[in-house]
Amino acid sequence: MAFAIMTLTEAAAARVNAIIANSGPEAKGIRVGIKKGGCAGMEYTIDLVTEPNAKDDLITRDGASVWVEPSAVLYLLGTQMDFETTTLRSGFTFTNPNQTSACGCGESVELKQADLAALAAQREMQGA
């Protein structure tokens, strides 16, 4: 059985569905990736998908479609994507077990690749 790359909360799925509803008939979902940048070294990227890439991994929840770029998979294994609104900002958030640090403003992170052997051992211990 394969590992879940990423999960979506109900709030994240609702926000993705709202983005798609407001983006025209060609919008299919969003694509999540990572890029080098920011003071901590990496940043999450989110782009609108009008033409899915066959190499991307697809995650769905409640009708929302989120594709994950292949280059980001090992950095996002086990991540939960959420959407939150606070007094100062609203946006997608990521609870990522592969994050080792973040900058003070929260816009960039330091990520390590997931340890597949450790994930497999953890699944075995849980009886999956």
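E69 sits in the loop that links β5 (64-68) to α2 (73-76). The model is predicted. Is E69 buried or exposed, and which side chain of opposite charge is nearest? E69 is buried, and that nearest side chain is R31, 4.9 Å away. A salt bridge needs a side-chain nitrogen of Lys or Arg within 4 Å of a carboxyl oxygen of Asp or Glu. E69 has no salt bridge.

What surrounds E69? Set aside the neighbours within four places in sequence, and the contacts of E69 are R31, V32, G33, I34, T45, D47 and D56. R31 is thus both a contact of E69 and the nearest side chain of opposite charge.

Now step back to the whole chain. The chain holds three helices and nine strands. Along the sequence they follow the pattern β-α-β-β-β-β-α-β-β-β-β-α. The chain has 128 residues, and 37% of them count as buried. Take the contacts with a separation of 6 or more: 55% of these come from residues 24 or more positions apart. The accessible surface is about 7,500 Å². Carbon and sulfur atoms own 51% of that surface.

Three strands build an open sheet, ordered β1-β6-β7, with mixed pairing. β1 (6-8) and β7 (90-95) are the edge strands, each pairing on one side only. From one strand to the next, the twist averages 30°. β6 covers residues 79-85 and pairs with β7 in the antiparallel sense, over six bridges. M81 stands opposite F94 of β7.

α1, residues 10-21, lies across β1, β6 and β7. α1 runs at about 70° to β6.

How values were computed: Residues are numbered from 1 along each chain as its sequence is written. This is a predicted model: local features need pLDDT of at least 70, side-chain atom pairs count only at pLDDT 80 or more; totals for chains, interfaces and linings use all residues. Side-chain values use heavy atoms; hydrogens and water are left out. Helices (H or I, at least four residues) and strands (E, at least two) are DSSP runs, numbered from the N terminus. Buried means under 20% relative accessible area, exposed over 50%, partly exposed in between (1.4 Å probe, protein chains only). Lys and Arg count as positive and Asp and Glu as negative; His and the chain ends are not counted. Contact means heavy atoms within 4.5 Å. Two strands pair if DSSP finds at least two bridges between them. Axes are lines fitted to C-alpha atoms, for helices over the stretch in contact, and angles run from 0 to 180 degrees between N-to-C directions. Accessible areas come from the Shrake-Rupley method with a 1.4 Å probe; for residues, only the protein chains shown count as cover.
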